[in-house]
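Got the sequence and the 3D view ready?

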Amino acid sequence: MGLPFSFKILPAMVNARVEAVLSWFELLGSGRIDEALGLATADVVIDRSRSNAPWRGIDRGREAARAAYIDLTETLDGVRWEATETRPVGRDLVVAATRIAVKGPASGIQGVARGAWVTHFDGERVDEAVLHQSFPEALLAARRRALAEARLYFVCEAQPHGGDPGELLEAAIAGGVDVIQLREKAPRCAEELIAFADPFARAARERGALFFLNDEPDLVAACDADGVHVGQDDEPVSAARAAAGEAALVGLSTHSPEQFDAALSAVADGRPDQVSAGPVWETPTKPGRTAAGIGLVEHAARVAGPELPWFAIGGIDAENVGAVVAAGARRIVVVRAIRDADDPGGAARALRTALDDRAGG
């Protein structure tokens, strides 16, 4: 099974999607509904069910979307619609904060409403747009959606083999990596970590991946990360979430069935967005950590539902990934299997192909 073209996403493709979203709202704001719908698929879904305003509902297809837009503009005067902020998330999502100014036809009173949309792309066209009340709310929803769809997660130090990580990260993402993490275990000051995070953040934004920072929730915003990953001995998930910000993802390591079950049963802000289970096999990246074994993977697959993305981790490579998938894993985390490969992009491709083939695509 070959990888779909989207795994070879280039910065120009990400930028084109952002530009498409900006054009979408510019066209809507100037009343050019048909030109706007030309940027969407024929069966595009416009979901306004979360709106607190009277203009609510779900429109399926271009004709329904056109009718809803005409209904809005015919009951209000001077509709002006614009995107004020955008951010690409993962491979196929763009979040846009929007401002819509309207005037009541009878009262003449002007009003301004703000919201944010999560737009999903099928190729070059929008196939879904979901309205949220705020940009942070929409950004968190988009990040969770991208995380749910992720399969391959690559953890790397700031200077792999003593060099710049940029080329390695780009090759890994092009090969099929969905999530990258900066894990720098050497003592570093905040300024150093922020500087080290720059190539990670840039690769994630330009190539279409999520970016996690390890252990430093206070630096998530400064590092332009999508989230933070914490361990069992770090601060609790709820504290990490509060420090990282309302739109940030929080991942958690688990090393036993009991720890995995605790993460699964956690609620509200204490519930992680993602869990890793392992190490499946002993690995030098976690010295002194006893292997949890394939049994933890089997337990996680048995008890976890689809609402909590979880990744097997620890000593996984192209030779043994089949055993991990056979035990029930659909997502994996790797370090050495990509970082130390002669061809990192090819190594990522092989892992991703094995995951997709054995897990049913």
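## Before we start

This is a predicted model, where local features need pLDDT of at least 70 and side-chain atom pairs count only at pLDDT 80 or more, while totals for chains, interfaces and linings use all residues. Residues are numbered from 1 along each chain as its sequence is written, and side-chain values use heavy atoms, with hydrogens and water left out.

The helix and strand labels come from DSSP runs, numbered from the N terminus: helices are H or I runs of at least four residues, and strands are E runs of at least two.

## Helix α5 and its neighbour α6

Two packed helices are described by the angle between their axes and the distance between the axes. Helix α5 and helix α6 (residues 190-207) pack at an angle of about 30°, with their axes 10 Å apart. That makes α5 roughly parallel to α6. Here, axes are lines fitted to C-alpha atoms, for helices over the stretch in contact, and angles run from 0 to 180 degrees between N-to-C directions. Angles under 35 degrees count as roughly parallel, over 145 as roughly antiparallel, 65 to 115 as roughly perpendicular, and the rest as oblique.

Which residues of α5 and α6 meet? From α5 come L169, E170 and I173, and from α6 come P199, F200, A203, A204 and R207 (contact means heavy atoms within 4.5 Å). By class, the contact of α5 with α6 has six nonpolar, no polar and two charged residues. For these classes, Ala, Val, Leu, Ile, Met, Phe, Trp, Tyr, Cys and Pro count as nonpolar, Asp, Glu, Lys and Arg as charged, and the others, Gly among them, as polar.

## Two leucines to look up

Is L168 buried or exposed? L168 sits in helix α5 (residues 166-175) and is buried, because its relative accessible area is 11%. The cut-offs are under 20% relative accessible area for buried, over 50% for exposed, and partly exposed in between, using a 1.4 Å probe and protein chains only. Not counting residues up to four places away in sequence, L168 touches F154, C156, P160, I338, R339 and P344. For a sense of scale, L168 and V45 are 123 residues apart in sequence and 37 Å apart in space, C-alpha to C-alpha.

Now find L193, in helix α6. L193 counts as buried too, at 7% relative accessibility. Leaving aside neighbours within four places in sequence, its contacts are L182, E184, R188, E216, L219 and C223. R183 is ten residues from L193 along the chain, and their C-alpha atoms are separated by 9.9 Å.

## Helices with a buried side

In helix α7 (residues 237-244), the buried residues are V237, A240, R241 and A244. They cover an arc of only 100° around the axis, so they are on the same side of α7. The arc is that of the directions from the helix axis to the C-beta atoms. These buried residues pack against α4 (135-149), β10 and β11. Just after α7, G245 takes a positive phi of about 115°.

Helix α9 (residues 294-303) has L296, V297, H299 and A300 buried. Their arc is only 160° around the axis, which puts them on the same side of α9. Among the elements covering them are β11 (249-254), α8 (257-265) and β12 (274-277).

So how does α8 sit against α9? The two pack at an angle of about 25°, with their axes 10 Å apart, and that makes α8 roughly parallel to α9. In this contact, P257, F260, D261 and L264 of α8 meet L296, H299, A300 and V303 of α9. These residues divide into six nonpolar, one polar and one charged.

Most residues other than glycine have a negative phi, and most peptide bonds are trans. What kind of peptide bond joins G278 and P279? It is a cis bond, with omega about 5°, and P279 is in the loop between β12 and α9.

H161 has a positive phi, near 55°, and lies in the loop between β7 (152-156) and α5. H161 is exposed, with a relative accessible area of 60%. D224 also has a positive phi near 55°, in the loop between β9 (210-214) and β10 (227-230). D224 counts as partly exposed, at 31% relative accessibility.
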